[in-house]
Amino acid sequence: MKAIYSLILVLALVVLATLGAGAAKMQIIFAYCVPGTAFVIFLVGFTAKIIGWAKSPVPFRIPTTGGQQQSLDWIAQNKWDNPSTGPQTAMRMLLEVLTFRSLFRNTKVILRHDDGKNPIVAYVSAKWLWLFALLFHYSFLVIALRHMRLFLQPVPQFIVAVEFVDSVLQIYTPIVYQTDLLILAGAGFLLARRLYDAKLRYISLVNDYFPLLLILAIALSGMYMRYIAKVDVMAIKDVVMGLTTFKFKTPPATIDVSFYVHVFLVSTLLAYFPFSKLMHFGGVFLSPTRNLPNDTRMHHHENPWNNPAIKPHSYEAYEDDFREPMFEAGLPLEKNPEEAA
Amino acid sequence: MKLYNGGKIITGLVIFLGIFLAPLAYNVGKAAYTQPKLKMPENEKECIESKDFMRTKHMQLLNDWRDFALRDGTRFYVNSKGKQFEMSLQKTCMKCHTNKAEFCDKCHLDASVTPYCWDCHIQPEGLKK
Amino acid sequence: MAKILKPDEMLRSINYTPPATDWMETPNDLSPGRFAYPAKLDKVEYLMHEVPGVFGNPRTWNPSDADWQLPPNWKEIVVNGFRERLDKYRSLKLFMDICVRCGACADKCHFFIGGGDPKNMPVLRAELMRSIYRGEFTLAGKILGKLTGARVMEEDVLKEWFLYFYQCTECRRCSLYCPYGIDTAEVTMMARELLHLVGININWILEPVANCTRTGNHLGIQPHAFKDIVDFMLDDIETITGKRVKCPLNEKGHEILFITPSGDAFADPGIYTFMGYLILFDAIGLDFTMSTYASEGGNFGLFTNADMMKAINGKMYAEANRLGAKWILGGECGHMWRVVNQYMDTMNGAMQGPQMQTPVNPITGTVFKNAKQTKMVHIAEFTADLIKHGKLNFDKSRNSNIIATYHDSCNPARGMGMFEEPRYVLNSVVDQFHDMPENTIREQTFCCAGGSGLNTDEIMDIRMRGGLPRGNALRHVQEKHGVNTMACVCAIDRATLIPLADYWAPGVSICGLHELVGNALILDGEGERTTDLRQEPLPGMEEE
């Protein structure tokens, strides 16, 4: 049900852009105003969210330790999973952000209790989520970089190289980008497991289906533009460059309506981003269980709201409470009963 | 407003904003972009198909030509107006569009497209520039 | 104690398919056996007096009743408390915002694996709180409501929190697998803090906290009784080894203050571990004292509120200062080491007196550089260092009847990373050691299902379900290698793993690491031993 709501929402966006830019001829709004505004919302919203997190302190140093600590010299420390210095922690973060190391650990529980006598709970390797998540995110990155050919003039060599590698298989005309297929596979897998795994279906919200379907729609509309509609790329570059140089002009009439649909969906994603779970992009860098060294036995960590007024129940009060029996038991005292009396 | 670990977080934010604003910065001060002016043939006004068709679908046409000519042995193309052309990049296309640098490369550079025509075809010496 | 299912019946009852009703529509099941008993009135009142602002609404109440006798402004208290904690903890704010519900954590929780209740999936446990965050603090949530997983604070939500945040042992296994490191322990801690504000609590936590505050230990052992217990153990050690060892109490001028969980002084099999410590200290002639005022290593305050944890923890430094100890040696305890390793210096480091120094092993000269700030060393680190330097003489044959495995306690595993030290010690004192399967040990270890104050008998069904992953792994090595003993470095484990093993892997006994050290260690001037520390015949002595 939540998936259907999300699908309807995404389709509504497609229809809105088709009608707006196509039938109502509001190309200027859809080519410049909408993406421009969305981009500003994205940057400001993203920054505000990060600043919002930065306003809360990290009172305690609580890394989740995933390996052997630094202790005695002859015991090998697992420096990447249980870092005790800044560079080691940076390495842990790099691996986390670039290779999804925690997700790589993933296992799946298998419970067999039919054979009666010997119940087995097993944990089998489950790397599919890691693999497809990685494919999805890296495809997204490459696709975003590739699009820079439309935003930059002259096109830098780096972007040309990305473009070349991504189309190195030279299949079909226009040449198919591998990442176009991979992002469909990645997003498709992420969507399919949400729909087919009962546990995941149970926890999934509109907030989960909507961005996934939106990104799928963006990918599909982009592919439609390239492989089916064969849009006028040079006219589109003209419009996009107008946007990035703030020199707006009437969009050439040769541009297919699918361009406006694609841009509108991307704009929606940008504007939605800062207010959604997509902020995991910024949040992963700030997670206190990952970005801190496990070193609070070695170095002091300051809690800004530590309250020095909170004191333990004092020894004096304790001795006052138990002085007589302590005296009788022969335990050492600060004041013996006569002195205290 | 008090930020905690502000130095690191602001640095991160600056990098983030830097990356996302880089396209704008890259283009700052440059003249407004205009689509490249192509050097059109002087003695031929009409291409084998309409201008719009050629703009967006020439790659498909060339691809088909290659398949027909090299794989099926069909050497002639009849256009939408019934006129016949030899399927040949060099003999037909480049007869009019004599200058790769002034014609093909103009858009391909801007759109960062690297067609593999020239992996097999050798540019005629006279057309090199 | 409610009667619970037999193991095979329990296994058959596990179903991972969620119910047809959406989780927000699934009603709370507050029947007996589903929750631990609430705290006694006098304990709450005492603690409100000792640490103001942490606990509230003292009363006698029953979770099975419809009316929980909440204060009229309870909603305001909870929502304001929530807001305050969002401003105090970046972890909470972040964890409320960035979860993508990928579900990697879903089948990592022992309570889910053994029970199948979807609200025990860590993602959904956190969602219980996240839904309120959306509904009360975000604009989208306020407008779009349930569609976006948002809801507002209601009494049923509070009851749901009570049920499920007391079915989390704060073991952090889910956090290990989370691609963003979202730590359910952190969320549970915050939820429990909020519940305490309006007087929703459990006795199994608050009574130890109150006891620890007044008598110095969770079990409420008063100083003279503590001395009796220690004397009793000294007698037993003399009976077993023929040698009278020492255990100074509250004495000034010793180099080291030794603090261990009071569970080790109280019951089997902890007392054997305690005896193991004393034998070890005698063997190396350690200059130490224990304290009755700081006679608790554990810190149930961790399971209530950060301020309460700080107040209890402060006793360690206060007593080290009063007695003039240079550093503190800590015994085998799980959550004690989470507190010592990740909270202690931050909270109470300023209390350290000038006499405290970077810990140095007086026997080997090893400087414990990794403890230079807290001045506190784990006994497994200490003993491993002694063994490495050849300072201890063992007769491993005294443990030759033992085929051991080792249970990594959650907190020293995922809140510290102590894996090799105890294994090194264990391998030095027993001949036969077999680890459990790799997905169930070290950083991936499974909880005993009684951590974070849940080792109480009225929720035995929940505990045994949560104990399934550990129990099944134990059963595996029992059948494969004939393992008959599981060693651990946690006092709660030593209490909870016994019923767990009896239930899921009958025939395996539980012991502390230093019980096995004490068995094997040869003391100068000891007599011939015929029994182990449990006063059962040593291998080869059965006939005599």
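Two residues are taken to be in contact if their C-beta atoms, placed from the backbone, lie within 7 Å. In the predicted model described here, no contact by this criterion joins chain B and chain C, and the closest C-alpha atoms of these two chains are 9 Å apart. There are 2 pairs of chains in contact, and of these the pair formed by chains A and C shares the most contacts.

The interface of chains A and C involves 100 residues of chain C and 83 residues of chain A. On the side of chain C that touches chain A, helix α15(C), residues 306–323, provides the largest share, with 9 residues. By residue class, this side of chain C comprises 44 nonpolar, 25 polar and 31 charged residues. The interface of chains A and B involves 32 residues of chain B and 36 residues of chain A. Three helices of chain B, namely α1 (6–27), α2 (51–72) and α4 (104–110), each contribute at least two residues to the side that touches chain A. The largest share, 10 residues, is that of α1(B). The side of chain B that touches chain A divides into 16 nonpolar, 10 polar and 6 charged residues.

Chain B contains 5 helices and 2 strands, arranged from the N terminus in the order α-α-β-β-α-α-α. Its radius of gyration is 23 Å, whereas the globule rule gives 14 Å for 129 residues; chain B is therefore more spread out than a compact globule. The C-alpha atoms of chain B occupy a box of roughly 75 × 35 × 30 Å along the principal axes. Of the 129 residues in chain B, 6% are buried. When contacts in chain B between residues at least 6 apart in sequence are considered, 54% join residues at least 24 apart.

Chain A comprises 15 helices and 2 strands. Along the principal axes, the C-alpha trace of chain A spans about 105 × 60 × 45 Å. Buried residues account for 43% of the 341 residues in chain A. Among contacts in this chain between residues at least 6 apart in sequence, 64% connect residues at least 24 apart.

Within chain A, helix α7(A), residues 157–166, has V162(A), E163(A) and D166(A) as its buried residues. These residues lie on the same side of α7(A), because the arc that they cover around the axis is only 100°. Q157(A) and A161(A), on the other side of α7(A), are exposed. The elements that cover the buried residues of α7(A) include α5 (128–146), α6 (148–151) and α8 (178–196) of chain A. The loop between α6 and α7 of chain A holds P154(A), which is joined to Q153(A) by a cis peptide bond with omega of about -5°.

In chain C, helix α3(C), residues 74–88, packs against helix α10(C), residues 184–197, at an angle of about 145° and with the axes 9 Å apart. The crossing of these two helices is right-handed. The contact is made by I77(C), V78(C), G81(C), F82(C) and R85(C) of α3(C), together with M190(C), E193(C), L194(C) and L197(C) of α10(C). These residues divide into 6 nonpolar, 1 polar and 2 charged.

Several local features of chain C were also identified. The peptide bond from D268(C) to P269(C) is cis, with omega near -10°; P269(C) is located in the loop between α13 (263–266) and α14 (270–284) of chain C. N57(C), a residue other than glycine, has a positive phi near 50° and is situated in the loop between α2 (41–50) and α3 of chain C. R101(C) has 23 other C-beta atoms within 10 Å and is buried. R322(C), in helix α15 of chain C, is partly exposed, with 19 other C-beta atoms within 10 Å. The C-alpha atoms of R322(C) and G253(C) are 9.5 Å apart in space, although 69 residues separate the two in sequence.

Definitions and conventions: Residues numbered from 1 in each chain as written. Chains lettered and ligands numbered in written order. Predicted model: local features only at pLDDT ≥ 70, side-chain atom pairs only at ≥ 80, totals over all residues. Helix = DSSP H or I, 4+ residues; strand = E, 2+ residues; numbered from the N terminus. Rg over C-alpha atoms; globule rule 2.2 N^0.38 Å. Buried ≥ 20, exposed ≤ 12 C-beta atoms within 10 Å, placed from the backbone. Axes fitted to C-alpha atoms, helices over the stretch in contact; angles between N-to-C directions. Left-handed = near helix turned anticlockwise from the far one by under 90°. Nonpolar A, V, L, I, M, F, W, Y, C, P; charged D, E, K, R; others polar. Arc of directions from axis to C-beta.
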